[in-house]
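Please look over the sequence and structure below before reading on.

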Amino acid sequence: MTSTFLPDQRKGPDVALPPPAAASARGRARRRLLNWLTAVGFQVPALVLFIGLVLLPMLFALYAAFFRWGGFGMPSDYIGADNFTHLFDDPVFLGDLWRCLLLVVLSLALQLPFALAMAVALNQKLRGRAVYRMLFFAPYVLSEAITGVLFSMIFAPDDGLADHVLGAIGLDTLGGEWFADPSWVMASLFLVMTWKYFGFHMMLYLAGLQSIPAELTEAALIDGANPWQRFRNVILPLLAPTLRISVFLSVIGAIQLFDLVWVITQGGPDHHSETMAVTMFQYGFKRYQVGYASAISVVMFGICLVFALAYQRFVLRRDLEGATTTMRGDGT
Amino acid sequence: MKTVRNLPLHAVLVVVGAVMVVPLLYAVLSGFKSTDELSRNAFGFPERWLTGNYTDILGSGAFWRLLGNSTLIAVATTVLVVAVSALASFSFARFAFRGREVLFTLFTMGLMFPFAVAALPLFLLLRSLGLLDNPLGVILPQAAFGLPMTIIILRAFFRQIPGELEEAATLDGCSAFGFFWRVLLPMARPALGTVSVLAVVTSWNNFMLPLLVFTDSKWWTLPLGVAQFQGEYSAQYARVFAYLVLAMVPALAFYSVAERQLVGGLAAGATKG
């Protein structure tokens, strides 16, 4: 009698509330309402947190982006889209966009293929593979702040480990200023990002590889496929869902990059490693041009949104059904 | 024959492994040197193993305070996000109700929006709520931003539990909450472990939010402390290395204990995201 919730929830999405017409249907309508209230009641704490601390702040940024505002009191100096037009005239912000693109391209062209190669290597029976896996993934659990400080010291000009090593193997000419050199700072940053994150992507790929049935590659082997053909025509297509997720996470990560840059260079030298989040931080928290900084937040949000929607529309669509409705394996 | 063919592969793995390990080992060894020796003898073993750098840091209250703050904030965030998400996921997984898919889409959309995007308006909100220099100012937003991933993983797990169990519980007079509390949660322990580990690691490593919220060093967490320490002792390399190593130990220790949950959770989250 206390069955206020329906036993089988796996069917259709929504239960239409019945019209409160016939007297016999009244009891059922009440039960449905009660069911709805119970279901939504369980959602309330999560909704309050999520709306209050995620959605509302974002909406407020959208509002504040249209004002010249120092961040105190309510914004009142309405300036239309001026913040946005300035933004796209601002060489630093345009540089941010360019550097974001650069990091995305480098990640997709170098870091993820490297992670994939390591995953394939460590997916076979190999002496010490458990150790390698653990080792490659370990930097992921270190905080960006710690990683940043560590590498700012390793890449310290002259005295750092990197220059000592290059000197010791007779390549001193390659050694240099690293993070202090405008033309090398992004490359150095990318090295650190690869050190920190490739293990994460490798772990994703390994999970994906392990879900590929061995019979398929064995069948290809029997059909006379060489290792490259087995990889290209059997493994890669089956790994596609994992690859797409990993690319998605990598791009979102590049858009929001902050911690590492802030700790290592604060965007320097002379803005050469600045990212959108760092520029936003500078304007919002150091120069008190909060309206302008809000406009940067809004543009970042817009880029994420457009990217996410386009990605979902064109790339992820096929995975989504499986992704959100089933749980493969128990995850532990 | 097989080993011979694998030789190049092993060589590559050893090199990559070295690149991963050397920075960490270098930090550990450097912590045992003096800053003078560090510039003369960059990558050898210390001429004399000095423990002063490490013991000075461990002997000062400041380091332990950071550790305590980080722990408090991570535990509180985890308890909050897992409790709230479990309730919501239960409703998503076991009820059919009008508006369910819309709500779920709303939460999954949160996955697409990184924290940095909302940082500034969030800061303004926290300031107007008087939550700056208050641990709740970090705990509540961290929990809010952790909701999407946690809900997605838990919902998927809750859906796997057979409907017959629920019918049986209902027949025995169990209320919806009773079923959730006495049947579902105990069965979901592995999934709860996974999402908890993810929440702890995320909170432990968070840098931007504590940087914004805590101007007073009283509440600083480890990442803030590390960045600050480097600024303060920038000339004393060896000391900073010792500090780094000590700050890494809790995260690496946690990783070695919870590796399975962490890796499983990331894989689950990523294939569900």
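The notes that follow are grouped by topic.

This is a predicted model, in which local features need pLDDT of at least 70, side-chain atom pairs count only at pLDDT 80 or more, and totals for chains, interfaces and linings use all residues. Residues are numbered from 1 along each chain as its sequence is written, while chains are lettered from A and ligands numbered from 1 in the order in which they are written.

**Fold of chain A**
- Chain A has 12 helices and 2 strands, where helices (H or I, at least four residues) and strands (E, at least two) are DSSP runs numbered from the N terminus.
- Along the sequence, the elements of chain A come in the order α-β-β-α-α-α-α-α-α-α-α-α-α-α.
- Of the 332 residues in chain A, 39% are buried, that is, 20 or more other C-beta atoms, placed from the backbone, lie within 10 Å of their own.

**Domains of chain A**
- An automatic or database assignment divides chain A into domain 1 (1–64) and domain 2 (91–325).
- Where these domains of chain A are in contact, domain 1 supplies 4 residues and domain 2 supplies 6 residues, a contact being two C-beta atoms, placed from the backbone, within 7 Å.

**Contact between chains A and B**
- Chain B contributes 93 residues to the contact and chain A contributes 83 residues.
- On the side of chain B that touches chain A, helix α13 (residues 237–272) of chain B gives the most, with 21 residues.

Technical notes
Buried ≥ 20, exposed ≤ 12 C-beta atoms within 10 Å, placed from the backbone.
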